[in-house]
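Let's take a walk through a protein model together. Have the picture at hand and follow along one piece at a time.

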Amino acid sequence: MSPLMRRGDAKGRRAERATWVREFRDFLDSRDDELTFTATMRVEWCRPTDGPSTTTAYGDAGRLVRLLAQDMAKQRSVLRAEATEQDINFELRRRTPWQADGIEVLWAQVSLHVDDHTRSSAERMAQLRRETALEDIARQQTVARIRFMQEEILRTPATARLYLMLEQSAQHGALPPGADINEIVRDAQQWHPQAQWVVIAQLVHTFLTNLTAEDRSDLLRTVRGLFEEYGEKELAEQLPATLHEGPPGRSA
């Protein structure tokens with residue numbers, strides 16, 4: 001044998017496998033609602049020598065690439081089309097040659113495009129998400145300031161005065177100039193969840209919900225009588241004679 005001749009180069013040389021190339025376009029869903037990438041996909045494939053042939057190979061080759069591209073695209077925004085394209089092609093290069101479904105993908109490439117209308121829609125959606133996030137942060141900060149005012153600043157007039165002396169900026173919900181500290185403290189203490197009258201009202205409400213509609217009406221009539229007996233006629237008149245609706249899940 002000549003040293004320049006490889007085994008199988010003569011009569012025993014095997015014919016090279018035939019390859020096919022398919023190029024097609026499709027839309028790939030993104031993570032942005034109702035917005036898609038426009039994808040051009042090109043795939044080169046052949047039938048493995050040791051595998052059975054299949055009549056659906058032409059469609060299967062494109063399907064393998066399309067499903068991989070779709071799986072990655074749906075996790076990305078259309079605003080990042082170039083980066084998404086790079087990542088998809090990197091994954092395709094890493095996998096090829098790729099055998100599956102009776103075919104072998106030798107090479108594949110995906111190109112992504114986003115039209116101006118789609119890009120503008122994605123930018124508006126991103127802006128709305130940012131505004132919503134900022135509004136949520138602002139609400140959380142407001143709730144935190146109110147809680148701080150109730151639990152720390154407005155516990156007593158002395159605490160409120162000391163706070164205003166030490167904190168003259170707008171941080172942590174500082175009271176505005178000219179505010180009546182005593183009045184604000186009284187209101188805050190009066191409507192505090194742990195205030196005695198609030199606790200009593202909650203207990204009375206709980207008690208009423210455990211009664212039948214008839215018993216609740218009897219109790220209301222009794223309370224009206226007590227109000228009138230103690231000279232509180234106006235309060236008695238404000239009480240309803242009966243409750244027409246019972247608590248959920250309770251029969252009359």
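Helices (H or I, at least four residues) and strands (E, at least two) are DSSP runs, numbered from the N terminus. This is a predicted model, where local features need pLDDT of at least 70 and side-chain atom pairs count only at pLDDT 80 or more, while totals for chains, interfaces and linings use all residues. Residues are numbered from 1 along each chain as its sequence is written, and side-chain values use heavy atoms, with hydrogens and water left out.

Let's start with T38, which sits in strand β2. Is T38 buried or exposed? Buried means under 20% relative accessible area, exposed means over 50%, and partly exposed lies in between (1.4 Å probe, protein chains only). T38 counts as buried because its relative accessibility is 12%. Its contacts (heavy atoms within 4.5 Å) are R25, D26, F27, S111, L112 and H113, if you skip neighbours within four places in sequence.

Now zoom out to the sheet. Strands of a sheet pair through backbone hydrogen bonds, either parallel or antiparallel. Two strands count as a pair if DSSP finds at least two bridges between them. Here, four strands make an open sheet in the order β1-β2-β4-β3, with antiparallel pairing. At the edges you'll find β1 and β3 (98-100), each pairing on one side only. On average, neighbouring strands are turned by 35° against each other, direction ignored. Such angles run from 0 to 180 degrees between N-to-C directions, using axes that are lines fitted to C-alpha atoms, for helices over the stretch in contact. Helix α2 packs on this sheet, touching β2, β3 and β4, and its direction makes about 175° with that of β4.

Among the bridge partners, D26 goes with A39 of β2, and R22 goes with V43 of β2. Six residues lie between the strands of this hairpin, and E34 takes a positive phi near 65° there.

The largest one has 27 residues, of which L28, F37, I88, L92 and V110 touch the most other members. β1 (19-29), β2 (36-46), α1 (57-73), α2 (81-95) and β4 (103-113) each supply at least two residues of this core, and α1 gives the most, with seven. There is also a second, separate core of five residues, including M149, L154, A160 and Y163.

How values were computed. Core = buried A, V, L, I, M, F, W, Y, C linked by side-chain atoms within 4.5 Å.
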